[in-house]
Amino acid sequence: MKTDLSTYNNSWYQPGSKLKRMLWYVTSLIFFEGGWNMSSGLKIFWLKRFGATIGEGVVIKPKVTIKYPWKLSIGNHCWIGEGVWIDNLDQVTLEDHVCVSQGALLLCGNHNYKTPSFDLMIAPIYLKEGSWVGAKSSVAPGVIFESHAVLSMGSVATTKLEAYSIYSGNPAVKVKTRQFNTP
């Protein structure tokens, strides 16, 4: 058996009308993906118009790519760093006080290498309260960050991250417990 990409068919996947996707693509190019540091308020306005759920105090830096805003939910006081790519073929949820640092990738899709047709597979990503995706890190489809979990810089999360735990590496493994200093 061999891979045969000529048999690939993802016609079952309908993320929105072609018109909606085209309008979002143009809006994204103008207001999100450029290097201009437009206000987060303007970006939030457009995300909401395209169906995203966005809380209060959200900060979105320049050069951010969001595949489908209608599959995005962001809680209160979240930060989305410069160059973040949210490839949300499925739902991406960020609870309150979540930080997604510069250059991070949240990837909701992959391909099934066990099938000759290389079928598309999708799964949601869920980042619970106070979690942090470090700079240049990647989060795989179906991953859940429990409350206050941390994925360190350049790491790859392929499975659930436990609450108040710090993960590092590729694939990421727990390296210690997250503790807060009290003043």
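Tutor: Let us begin with the aromatic side chains. In this predicted model, one aromatic cluster is formed by Trp24, Phe32 and Phe50.

Student: How many aromatic pairs does the structure hold, and how are the planes of Trp12 and Tyr13 arranged?

Tutor: The structure holds 7 aromatic pairs. In one of them, the ring centres of Trp12 and Tyr13 lie 5.7 Å apart. Planes over 60 degrees apart count as edge-to-face. The planes of Trp12 and Tyr13 stand at 75°, so this pair is edge-to-face.

Student: Is Tyr13 buried or exposed?

Tutor: Buried means under 20% relative accessible area. Tyr13 has a relative accessible area of 11%, so Tyr13 is buried.

Student: Which parts of the chain does the pair of Tyr164 and Phe180 link?

Tutor: The ring centres of Tyr164 and Phe180 are 6.4 Å apart with planes at 85°, so the pair is edge-to-face. The two residues are 16 residues apart and link distant parts of the chain: the loop between β17 (156-157) and β18 (165-169), which holds Tyr164, and the segment after β19 (172-177), which holds Phe180.

Student: Over which ring does the charged end of Lys20 sit?

Tutor: The charged end of Lys20 lies 4.3 Å from the centre of the ring in question. That ring belongs to Trp70.

Student: How many residues has the largest nonpolar core?

Tutor: Among the residues with the most contacts inside this core are Val133 and Phe145. Elements giving two or more residues to the core include α1 (18-31) and α2 (40-49). The largest nonpolar core has 43 residues.

Definitions and conventions:
Residues numbered from 1 in each chain as written. Predicted model: local features only at pLDDT ≥ 70, side-chain atom pairs only at ≥ 80, totals over all residues. Heavy atoms only, no water. Phe/Tyr/Trp six-rings, centres within 6.5 Å; stacked < 30°, edge-to-face > 60°. Buried < 20%, exposed > 50% of the residue type's maximum accessible area, 1.4 Å probe, protein only. Helix = DSSP H or I, 4+ residues; strand = E, 2+ residues; numbered from the N terminus. Lys NZ or Arg CZ within 6 Å of the ring centre and 35° of its normal. Core = buried A, V, L, I, M, F, W, Y, C linked by side-chain atoms within 4.5 Å.
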